[in-house]
Amino acid sequence: MDSDLSDLADVANALADAARAAILPYFRGTVLDTENKGTSGDYDPVTVADRAAEAAMRAILSERRPNDAILGEEYGAQTGSSGLTWVLDPIDGTRGFVAGTPTWGVLIAVGPDSGPVLGVIDQPYIGERFVGYGGGAQLHGPKGTSTLHTRAPRPLSEAVLFTTFPEVGTPQDRAAFEAVAAKARLVRYGMDCYAYALVAAGQADLVIEAGLNSYDIQAPIALIEAAGGIVTDWEGGPVHAGGRALAAANPQIHAEALALLRSAS
């Protein structure tokens with residue numbers, strides 16, 4: 001890499017600030033310009049806020065990191081020469097955004113092809129920013145700044161599990177998820193990227209999802225790993241390219257959930 005992590009963190013925070021400013025005027029507005037990108041009857045909305053936020057972030061990168069590549073949900077891929085790629089999801093959880101819930105977020109990650117080294121999950125409306133890199137993670141929010149640590153090991157029977165099923169994934173994927181959910185103490189649905197932030201913050205034990213793109217998962221990977229957790233695919237391998245993800249607070253509960261996913265899928 002051609003720069004240290006602190007410089008990348010400064011840029012990432014600038015991107016998050018710009019995205020906040022672009023998005024908040026549209027949230028819970030009376031009229032929202034929304035299109036459906038879905039096919040075959042699926043509802044996959046994109047709004048003017050998504051596009052404005054990504055455009056604002058790209059403008060900053062063109063000025064401050066012109067040699068880096070960019071991959072964004074709304075405007076696709078832009079090549080670079082530095083060996084680093086910024087992976088941007090301007091609004092992860094657009095369905096929630098359209099519905100007025102505050103569980104959507106801005107996802108920002110950066111790293112080489114092998115995976116992200118820094119991740120940000122920003123929730124502009126409630127003013128919480130989760131940042132992870134270099135073996136440490138922090139929450140900057142209404143109560144100030146605090147260090148994040150994932151939850152200590154405990155059995156799956158005592159765990160809190162999040163997912164966006166049944167909105168995503170195949171019926172087979174959902175059946176595998178249900179095998180884990182049947183063993184967990186508490187299951188919550190439809191939290192989008194905020195679920196990953198809660199794993200990093202030590203509030204939850206697991207997130208299980210499928211059908212992800214790289215821009216959905218790269219920021220959560222970097223954040224959770226910096227806070228002490230682990231994120232893999234359902235085979236225990238890398239998941240930064242997308243697919244089926246298992247995010248866990250610690251290796252012990254990851255192993256317990258992974259065994260159930262493997263046997264069920």
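Predicted model: local features only at pLDDT ≥ 70, side-chain atom pairs only at ≥ 80, totals over all residues.

Which side chains meet in a salt bridge at 2.9 Å, N to O? They are those of R58 and E54, where a salt bridge is a side-chain nitrogen of Lys or Arg within 4 Å of a carboxyl oxygen of Asp or Glu.

Residues are numbered from 1 along each chain as its sequence is written, and side-chain values use heavy atoms, with hydrogens and water left out.

Let me return to the salt bridges. By the rule just given, the count comes to 10. R58 and E54 are 4 residues apart in helix α2, so about one helical turn separates them. Helices here are DSSP runs of H or I with at least four residues, strands are runs of E with at least two, and both are numbered from the N terminus. Both R58 and E54 are buried; buried means under 20% relative accessible area, exposed means over 50%, and partly exposed lies in between, with a 1.4 Å probe and protein chains only.

A second pair is D205 and R151, whose side chains meet at 3.2 Å, N to O. D205 lies in the loop between α5 and β13, and R151 in the loop between β10 and β11 (160-163), so this pair ties together parts that are 54 residues apart in sequence. D205 is buried, with a relative accessible area of 0%, whereas R151 is partly exposed at 22%.

The side chain of E209 does make a polar contact with that of Y196, at 2.5 Å. A polar contact is a pair of N or O atoms within 3.5 Å; within protein, one must be able to donate a hydrogen and the other to accept it, and residues adjacent in sequence count only if both atoms are side-chain atoms. E209 itself belongs to strand β13, residues 206-213.

I turn now to the sheet. Eight strands form an open sheet in the order β4-β3-β5-β6-β7-β8-β9-β10, with mixed pairing; two strands pair if DSSP finds at least two bridges between them. β4 (76-78) and β10 (144-147) stand at the edges with a single partner strand each, so one side of each is left without a neighbour in the sheet. Within the sheet, β3 (residues 69-72) and β5 (residues 85-92) run parallel and are joined by 4 bridges. A69 stands opposite T85 in β5.

R28, at about 60°, is found in the loop between α1 (5-23) and β1 (34-36), and R28 is partly exposed at 47%. D192, at about 50°, is found in the loop between β12 (186-189) and α5 (193-200), and D192 is buried at 16%.
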